[in-house]
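Try each task before you read its solution.

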Amino acid sequence: MPKRCFKSMLGIGGLLGSLVFAMPARAELVFSDAWLRAVPPVSPTMAGYVSLENDSDKDLMITGVRTDIAGHTMLHAMTTAEDGTRQMTHLHHLTIPARGKASLSPGEKHLMLMKLKRVPSFGESVDICFQLAGDTEACTPFTVKRPSQFDG
Amino acid sequence: MRKLPYVLPVLLALLVAGCGKQESDLPINNRLGGEFTLTDHNGEPFTQAQLKGKVSILFFGYTHCPDICPAVLARVAQVYRQLDEAGEAERLQPVFITFDPERDTAEHLKEYLPWFKANVIGLTGSLDEIRQVAKQYGVVFIKDQQEQDYLFTHSDYIYLLDDQGRVRKLYPADFTIDEVVADAKTLL
């Protein structure tokens, strides 16, 4: 089935579509609470957050991230220096230990979507795919949350 | 009874003072802040003196920052909305100073900031002007060139200024909204 056609069905199917995309593409990497921080329509960047759980008996390594709405997507780490300054650095790999968890959350490790082709609005879902060592991918929908939903 | 004419005005003055607004307990920070001139989001010169008469929430950032800066703006917007609902936002002025003038032009700030619906004044300027203001507020920012873009390592304090433009309190980026609302109310 062509991808475009499949996406149209998702748009119409609503609930069914959500269920399909809620299933991790790779069973051992389980996603929960995946969301994007809403930003102004002229914003060049967006941040994404998600809880990741490795449901397998071997370590999983995320080697890259991609989404259709951004020209470039990266994993970022955040460090705080003694003087209180914060620095974001590109995280080239993220390993989730066997049966372990990892979290991408505000002010800490997070996804950075750069060179946005369009800025999704409140409530919209955007598919984001995590590339794993071994040339496989796991995708999940990220929902755009209103500021009041994450900064209350 | 002969002392009554002298005592009465004093008692009256005390009574009036007691009925008036209580002075804020927030200490005045004389080491931070001061005069500055930058360019606002309309492309007009903007001086620190223009903030006098209003209580300001001042903070630094840049619009290409995906994580902390939009979160701070959203939180400041919530402070603004809470005070607006209480009918007290008229004298509150959020101020966003970019340290990325190369990309955060007046035009871009004018498009970016209204989305937060908090009447935020965006300020930009030459790099030297911004460096000077940042120094006055003890703000550090360092440009980090990444593979495809550049970011900033930066401090992210939020400053509450009284109606004389004096710094009265600093907050971390993840400040408690109710705390800032309560503090601002003591200055409004």
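**Exercise 1.** Work out how helix α2 (residues 68-85) of chain B and helix α5 (residues 177-187) of chain B cross.

*Solution.* Start with the axes: those of α2(B) and α5(B) come within 9 Å and cross at roughly 50°. Helices here are DSSP runs of H or I, at least four residues, and strands are runs of E, at least two, numbered from the N terminus. Axes are lines fitted to C-alpha atoms, for helices over the stretch in contact, with angles from 0 to 180 degrees between N-to-C directions.

Now for the residues. α2(B) brings B:Arg75, B:Gln78, B:Val79, B:Gln82 and B:Leu83, and α5(B) brings B:Ile177, B:Val180, B:Val181 and B:Ala184 (contact: C-beta atoms, placed from the backbone, within 7 Å). Sorted by type, the residues of this contact are six nonpolar, two polar and one charged (nonpolar: Ala, Val, Leu, Ile, Met, Phe, Trp, Tyr, Cys, Pro; charged: Asp, Glu, Lys, Arg; polar: the others, Gly among them).

One housekeeping note: this is a predicted model, where local features need pLDDT of at least 70, side-chain atom pairs count only at pLDDT 80 or more, and totals for chains, interfaces and linings use all residues. Residues are numbered from 1 along each chain as its sequence is written, while chains are lettered from A and ligands numbered from 1 in the order in which they are written.

**Exercise 2.** Find what chain B puts into its contact with chain A.

*Solution.* Count first: 27 residues come from chain B and 25 from chain A. On the chain B side, α2, α3 (106-112) and β7 (150-154) each supply at least two residues. The largest share, seven residues, is from α2(B). By type, the chain B side has 10 nonpolar, nine polar and eight charged residues.

**Exercise 3.** Trace the open sheet of chain B and find its edges.

*Solution.* Read off the order of the seven strands: β2-β1-β5-β4-β3-β8-β9, with mixed pairing (strands pair if DSSP finds at least two bridges between them). β2 (45-47) and β9 (167-171) each have a single partner strand, so one side of each lacks a neighbour in the sheet. Finally, zoom in: β4 (residues 92-98) and β5 (residues 121-124) of chain B pair in the parallel sense over three bridges, and B:Ile97 has B:Leu123 of β5(B) as its bridge partner.

Terms used: Two residues are in contact if their C-beta atoms, placed from the backbone, lie within 7 Å.
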